[in-house]
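Please read these notes with the sequence and the model open side by side. They are meant to be checked point by point.

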Amino acid sequence: MMKDFGKKTWFGPLPVLIIGTYDSDGVPNAMNAAWGSIADTNLVDVNLDKDRKTVENLKAKGFFTVAFATVANMAESDYFGLVHGYGINKIEKAGMKCRPAPNVDAPVIEGYPLVLECRVTHISEEDIDGYRVFGEIVNVMADESVLTDGKPDIHKMDLIYYDPITLDYITIGGIAGKSFSIGKKFMD
């Protein structure tokens with residue numbers, strides 16, 4: 001027997017994404033955004049609440065970075081979601097540093113092992129209670145410490161995920177099976 005819970009936003013766990021932007025004066029900002037995913041080939045999709053400094057920055061600049069949060073920067077990443085970016089440099093307040101991204105006008109926050117550089121392709125507010133931002137992935141950067149055979153190795157990153165049911169940050173264990181392979185036993 002299954003228990004009914006009604007309408008809930010229980011979908012996940014979700015990667016904890018840190019959205020990096022510059023404002024019109026070049027001040028960096030970071031926002032914790034758990035509601036994000038791949039929307040299409042080379043296209044990310046991030047859902048953001050209204051009245052956020054990040055939304056203002058995205059509209060002004062048209063570029064952003066997406067950093068994947070880890071156990072090592074969990075407290076800083078959580079902080080980026082607790083306060084608005086108006087009137088405060090959250091990156092500086094959290095004791096972190098950033099540098100300009102090489103391919104887009106957005107900051108790369110140091111300490112995150114995997115970062116996507118993105119160009120805004122569309123900002124929509126038609127069907128949600130906020131903004132849905134789509135960004136073309138222009139470049140992917142990974143710290144050399146998390147590479148295996150020259151490619152990013154998710155097992156070396158110690159990424160955190162948001163559990164929308166318990167409101168906890170969690171980690172995910174080892175390999176459960178090989179995609180595009182384990183289900184072949186049902187094929188003719």
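1. The model is predicted, so local features need pLDDT of at least 70 and side-chain atom pairs count only at pLDDT 80 or more, while totals for chains, interfaces and linings use all residues. Residues are numbered from 1 along each chain as its sequence is written, and side-chain values use heavy atoms, with hydrogens and water left out.

2. N57 sits in helix α1, residues 53–61 (helices are DSSP runs of H or I with at least four residues, strands are runs of E with at least two, and both are numbered from the N terminus). N57 counts as buried because its relative accessibility is 1% (buried means under 20% relative accessible area, with a 1.4 Å probe and protein chains only). Beyond four places in sequence, N57 is in contact with T21, Y22, D23, N29 and G62 (contact means heavy atoms within 4.5 Å).

3. T65 belongs to strand β6, residues 63–68. Its relative accessible area is 2%, so T65 is buried. A polar atom of the T65 side chain lies 2.6 Å from the backbone oxygen of P107.

4. The largest nonpolar core has 23 residues, and L48, F64 and V66 have the most contacts inside it (a nonpolar core is a set of buried Ala, Val, Leu, Ile, Met, Phe, Trp, Tyr and Cys residues joined through side-chain atoms within 4.5 Å). Elements giving two or more residues to this core include α1 and β6. Strand β9 gives the largest share, four residues.

5. Another core, of 21 residues, lies apart from that one; L14, V16, A34 and V104 are among its members.

How values were computed: Buried means under 20% relative accessible area, exposed over 50%, partly exposed in between (1.4 Å probe, protein chains only). A polar contact is a pair of N or O atoms within 3.5 Å; within protein, one must be able to donate a hydrogen and the other to accept it, and residues adjacent in sequence count only if both atoms are side-chain atoms.
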